[in-house]
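My entries follow in the order in which I checked them.

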Amino acid sequence: MMLMLLELMRPSFFDKGLVDVCNSLADKGIRVIVAGLDMDYKGRPFGPIPALFSIAEYITKVHAICMRCGNLAHYSYRKTDIDKLVVLGEKDNYEPLCRACFLKAMKYK
Ligand SMILES: [Zn+2]
């Protein structure tokens, strides 16, 4: 039995082929751990992460704190008007928000 730990950074930027790769490695006894964003800046399923959720044995969702009300934040709100799917950046471009604050922010954007 092969024991190997594979960690992927930024898996949201991979295509759906990542699902097959992870499944193939897991079938060979390799422990695969993937961490990434499950939604894009508009709150839509992002890249291969939702499909990875469906084949994973274990899932842990972690959340930031909403910067506007202090509840758990499920969304990465993009503060800029850039419309590209992927824009790298941290505090300058994104703000963690809860659902209510995200919907309010998107309505007035
Ligand atoms: Zn909030």
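I began with pLDDT, the predictor's confidence in each residue, from 0 to 100, and noted that among the elements of the protein β1 has the lowest mean value, 56, while strand β4 (residues 72–73) has the highest, 98. Where pLDDT is low, the predicted coordinates should not be read in detail. For the protein I noted a mean pLDDT of 85, with 82% of its residues at 70 or more.

This is a predicted model, in which local features need pLDDT of at least 70 and side-chain atom pairs count only at pLDDT 80 or more, whereas totals for chains, interfaces and linings use all residues. Residues are numbered from 1 along each chain as its sequence is written.

I then listed the elements, taking helices (H or I, at least four residues) and strands (E, at least two) as DSSP runs numbered from the N terminus: there are three helices and six strands, in the order β-α-β-α-β-β-β-β-α.

Next I looked up F14, which sits in the loop between β1 (5–8) and α1 (17–27). Buried residues make up 18% of the 109 residues in the protein.

Leaving aside residues up to four places away in sequence, I found F14 in contact with G47 and P48, a contact being two C-beta atoms, placed from the backbone, within 7 Å. The C-alpha atoms of F14 and P48 are 6.8 Å apart, although 34 residues separate the two along the chain.

Key. A residue is buried if 20 or more other C-beta atoms lie within 10 Å of its own, exposed if 12 or fewer, and partly exposed in between; C-beta atoms are placed from the backbone.
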